[in-house]
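Please look over the sequence and the model below before reading on.

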Amino acid sequence: MKRMKWMMAAALGALGLSGAAGAADVRLGLNSSLGLGCQVVGVRAGVQEGRVGVHAQGAYCLSGVQGQSGGAAFGAAVSFDLFRSGGLTTYALAGADLLNGNAALHAGLGLRYGIPLIPVEGYVEAGVQRISTALQPIVGPRLALGVNYKVNVANLQGTLPTTGAATGDGTPAPAPAECKLTPEQDAAAARATAQSAAEAALSAAASAYSAGFSSFSYQVSTGGASVNGNTAQVSGSVTINLVARGSNTPTSDTYSGTVTLVRDGCGWVATGYSRG
């Protein structure tokens, strides 16, 4: 019984891996570059505010020449998000690197994918790179791939974003006028976003812990949505049903909790989960 309770708690605990998407995102990543990038493995750190992000990177770079050792490669880049859909984001980026003593410029497109409320995302970037040498520039392809651990903060000053500011008397502020949403539609959108984020996190948890059980299912029920300007809270419950491997006895338990959200344009973005 303790083992099954632990697996339930672990699955539900995936919801607690939360952050404030849509505010400033601090990303710490591991990556590898192919083609003219020459990095075998690298580390990346960056910050993103809204659609614009910057990152710095350090890596070990092969020389590519027999008998010559590799060396360190350093660089930085700026990115701009072009399109977002669910956990998928496409972006353009441009940057500069120092590769084995030669300056290089690169530009291209990237793709990030992350699951709501789970602070890990994968990315792939493809583009071109121009390396300057004493004789002539060398142009070729660049491909980078990696994974980021995303730490979310409200913003660099530690406050929530002020898009669609709340009214001064504490009355909930409506969605921006151009969205043409009634308060009821705004609250319904918050509930739908909270449910979608919870279901995505639970699906990820089921995959991560699948070795521990032979059967796993869940049901997410959302209750009331409390909208206060740029923020919202949606209460609800999660019912988890599972059968541990080696046991034919199904176990079910229900947990209550609250999903917090921040306004993102005409919609909402889930930023965290707390057990009730």
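**A buried arginine and its surroundings**

R263 counts as buried because its relative accessibility is 6%, where buried means under 20% relative accessible area, exposed means over 50% and partly exposed lies in between, computed with a 1.4 Å probe and protein chains only. This is a predicted model, in which local features need pLDDT of at least 70 and side-chain atom pairs count only at pLDDT 80 or more, while totals for chains, interfaces and linings use all residues. Residues are numbered from 1 along each chain as its sequence is written, and side-chain values use heavy atoms, with hydrogens and water left out.

**R263**

- R263 is part of strand β11, which covers residues 251–264; helices (H or I, at least four residues) and strands (E, at least two) are DSSP runs, numbered from the N terminus.
- The side chains of R263 and D186 make a polar contact at 3.1 Å, a term for a pair of N or O atoms within 3.5 Å, of which, within protein, one must be able to donate a hydrogen and the other to accept it, while residues adjacent in sequence count only if both atoms are side-chain atoms.

**The disulfide**

- The structure holds one disulfide, a term that stands for a pair of cysteine sulfur atoms within 2.5 Å, and it is formed by C179 and C266, whose sulfur atoms are 1.9 Å apart.
- C179 sits in the loop between β8 (138–153) and α2 (183–208), whereas C266 sits in the loop between β11 and β12 (267–275), so the pair ties together parts that are 87 residues apart in sequence.
- Because the torsion about the S-S bond of C179 and C266 is about -85°, the disulfide is left-handed.
- C179 counts as buried, with 13% relative accessibility, whereas C266 is partly exposed at 41% relative accessible area.

**K180**

- K180 also belongs to the loop between β8 and α2, and it has a positive phi of about 55° although it is not a glycine.
- With a relative accessible area of 73%, K180 is exposed.

**The chain as a whole**

- The protein chain contains two helices and twelve strands, which follow the pattern α-β-β-β-β-β-β-β-β-α-β-β-β-β when read along the sequence.
- Of the 276 residues in the protein chain, 39% are buried.
- Among the contacts (heavy atoms within 4.5 Å) in the protein chain with a separation of 6 or more, 53% are between residues 24 or more positions apart.
- The accessible surface of the protein chain comes to about 13900 Å², and 61% of this belongs to carbon and sulfur atoms.

Conventions. Areas by Shrake-Rupley, 256 points an atom, 1.4 Å probe, with all protein chains shown as cover.
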